[in-house]
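Hi there,

Here is the structure I promised to pass on. Have a look at it, then read my notes on its aromatic rings below.

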Amino acid sequence: MEAAGRAGAGKNGGGDGYRFGPFLVDAAAYTLTRDGDPQALEPKALAVLLHLLRHAGELVRHDELLDAVWGHRHVTPGVLTRAIAQLRHVLEDDSHHPLYIQTQHGLGYRFIGELKSWPHAEGPPARAAVATAAEGAGNDAGIGTATGDTHRGAPVDISPAATAVTAKPTVRTRSRRAWLLVAVVLAIGLGAWLLQRQELRPRVQPGEPSIAILPFTSLSRNKDDSYFAEGLAVELHSALAGLPGLKVAACRTGSACGMRGADARKLGKLLGVATVLDADVRREGKKVRVNARLTDTRTGYTLWSGSYDRELDGVFALQSELAQNVVQSLLGVLPRDTQSMARRLAPTRSVAAYDAYLHGMQQLEHPGPVDAGGAPRAIGFFQEALAADPGFARAQAGICRAEIIAFEGAHDAAAFDRAQTACQRAAKMDPNLREVSLALGDLHRARNDNAQAIEHYRKALESLALRPDAYVGLARAESAQGHNDVALDYFERARQLRPGDPNIYRALGFEHYVKGNMPKAIEGFVTAATLAPDDEDIWGNLGGLYMVSGDPVRAADAYTRSLTIKPNYAALTNLGTLRYEQGHYAEAAQLYRRAAQIDDSDYRTWGNLGDALSALPATAAQAREPYERAARMAQEYVDIKPSDAHAIAVLAWYRANLGQEREARELIARAQALNVEQGEVAFWAAQSLAVIGDAEGARTWLQRARDGGVNAQRFKASPVLRPLLDATQEQQQATAAR
């Protein structure tokens with residue numbers, strides 16, 4: 001439907017107004033009404049609507065909206081997505097069949113509704129319902145939009161392959177005079193202006209009850225004792241995050257906000273909090289001492305400090321006392337119900353079980369999704385905790401979570417069965433434990449049972465401490481169903497609750513990668529790397545994104561940085577693929593072997609090894625064994641997750657290399673029927689048919705891969721597709737010469 005021209009001003013010349021469907025928008029009064037009834041709408045959402053109305057029928061790009069409404073000041077596209085989602089809700093506008101706001105994916109939005117003449121005789125709607133302020137005012141703080149802890153960002157699959165390269169959009173900046181704000185002040189007076197400023201304030205202002213829990217520093221002589229100090233900080237964060245009326249942010253060790261000696265004032269701006277808590281922890285023998293400091297982020301001054309000395313078996317009482325002092329300082333009084341906080345800080349009566357649990361959580365939080373040692377080590381510590389306290393449900397839920405990470409990160413099918421068993425045991429121990437709900441949500445989402453996953457995630461939302469992780473889970477479940485706007489809104493909610501968490505940006509980056517938006521995927525991982533510069537997994541995945549985007553120099557730099565931090569199989573695998581695409585097959589095979597020595601549970605590593613060996617005549621005979629192993633493991637994976645079109649197409653490639661033509665063709669058809677990742681499916685289908693000897697079919701799929709946006713460099717790097725390209729080029733040259 002073509003939009004009509006912009007309507008004229010009211011009879012008093014009080015400002016422009018717009019009428020469409022049952023809605024009236026009065027720009028001067030800053031109101032939206034439906035059939036005369038005021039509609040509740042956040043100021044920024046209304047500002048977005050006004051900007052779209054002023055450019056009705058035109059495509060308004062994301063950057064233009066961000067610049068016009070937020071001024072591009074420390075905001076990310078997530079705030080715009082949230083505003084659009086709210087507008088759709090109020091206008092009852094379906095994103096798939098829009099009446100008013102049309103989404104141009106990857107570009108921006110367009111108002112497509114039919115604008116009607118403004119009712120001049122009546123004048124603009126009454127000013128009584130003045131809501132808030134003008135475009136460009138306010139300060140929506142943030143750094144980006146959100147792996148979660150439950151997912152931790154599955155590795156970018158580059159096996160010698162990649163997805164389409166998309167040009168990175170140029171960020172445009174321009175100044176915008178706040179003339180409308182002045183008009184509102186003059187028209188409605190200082191009182192309304194003060195109301196307006198109050199409503200436009202950031203979610204967290206200095207002086208409001210908000211705090212960031214920084215990683216506690218271990219001063220113990222044993223350097224391996226860091227898990228204990230870090231664990232105390234994490235548990236304190238979870239306990240305080242469960243209190244209504246108190247915003248709590250956390251920093252992970254190794255992140256930019258978790259560096260020792262970080263400036264409190266900068267942290268306040270980064271995390272949007274009024275105070276930060278840090279502490280030194282010394283554990284010697286059976287004694288533990290904690291020196292804690294609460295700092296005002298406005299001034300950088302210490303508000304209070306305290307020392308807590310206890311016998312080790314009094315660690316639960318120590319945590320409770322510290323938590324109560326923090327709460328009393330921030331809220332003035334203790335909440336009536338302190339029992340829930342105390343229970344959170346004493347999940348078991350066994351100090352030995354608690355110690356092992358903290359050790360397991362450190363292993364679970366620090367490694368990347370495919371770290372070979374992290375998940376098994378975490379499981380080992382959780383099992384120690386259960387040996388000391390067989391009823392320790394949170395430790396059992398930790399095992400479930402670790403196995404899900406192994407399944408999603410390394411595509412280890414056996415890990416899924418173990419995760420299912422662990423989750424069932426945890427649910428029997430404590431069916432009301434929301435950590436179990438979160439783990440069950442991850443379990444169902446991992447096998448693409450998104451309806452069940454959403455049900456469990458919604459239960460996990462009941463725990464304020466788990467809400468960020470639950471929102472990330474909801475985002476991924478909604479994204480899997482194609483509800484992209486809803487998913488981005490959930491990511492933004494998670495980011496607001498846990499600002500500064502690199503895992504949220506990693507999860508968001510991975511979702512953009514899955515959707516084929518490479519610039520946004522890179523943006524998410526760059527932000528995550530900025531927040532956690534010592535995370536080898538983030539750098540490894542960022543290198544993968546650079547590689548699939550056709551930037552091998554940056555890819556190699558990112559892989560090298562990842563391996564410098566810690567040798568890991570994901571970076572070794574991706575670096576091997578980079579060497580493979582450069583034609584260095586022997587070096588690629590060596591890197592793949594090193595990756596398999598670190599972690600042999602990912603079928604892609606074995607398939608990559610088969611590719612590198614088969615590319616050289618001297619080693620081609622050695623390729624069958626890794627291909628057989630890859631095919632067996634990949635089959636187990638797709639049996640659990642039959643919706644993974646990419647995995648099915650890669651399995652077809654393995655079958656083709658094993659001479660199993662019928663199975664390969666059936667798998668190609670099955671992957672094609674899923675109608676997702678079409679470029680990737682076509683690329684692997686072309687390779688598979690080329691190996692089988694079906695040159696004509698391979699050329700057909702090769703063209704589909706081109707149409708699907710697959711980087712042309714990948715065709716040239718494929719030993720089985722290169723002859724087809726050369727033959728086609730020779731044929732074209734011969735035709736031109738006639």
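Does Y580 count as buried or exposed? Y580 counts as buried, at 5% relative accessibility (buried is under 20% relative accessible area, exposed over 50%, partly exposed in between, with a 1.4 Å probe and protein chains only).

Before you go on: this is a predicted model, where local features need pLDDT of at least 70 and side-chain atom pairs count only at pLDDT 80 or more, while totals for chains, interfaces and linings use all residues. Residues are numbered from 1 along each chain as its sequence is written, and side-chain values use heavy atoms, with hydrogens and water left out.

Now the rings. Those of Phe, Tyr and Trp (its six-membered ring) pair if their centres lie within 6.5 Å; planes under 30 degrees apart are stacked, over 60 edge-to-face, and the rest tilted. That rule gives 19 aromatic pairs. One of them is F20 with F111, edge-to-face at 5.0 Å centre to centre and 75° between the planes. This pair joins distant parts of the chain, 91 residues apart: F20 is in strand 1 (residues 17–20) and F111 in strand 7 (residues 108–111). Strands here are DSSP runs of E, at least two residues, numbered from the N terminus. F20 is buried at 0%, and F111 is buried at 0% too.

Y580 pairs with Y585, also edge-to-face: 5.2 Å and 65°. Y585 is buried, at 11%.

There's a cluster as well: F407, F416, Y603, Y627, Y637 and Y654.

Lastly, the charged end of R283 sits over the ring of F228, 4.1 Å from its centre (CZ of Arg or NZ of Lys within 6 Å of the ring centre and within 35 degrees of the ring normal).

Cheers

Note on methods: Helices (H or I, at least four residues) and strands (E, at least two) are DSSP runs, numbered from the N terminus.
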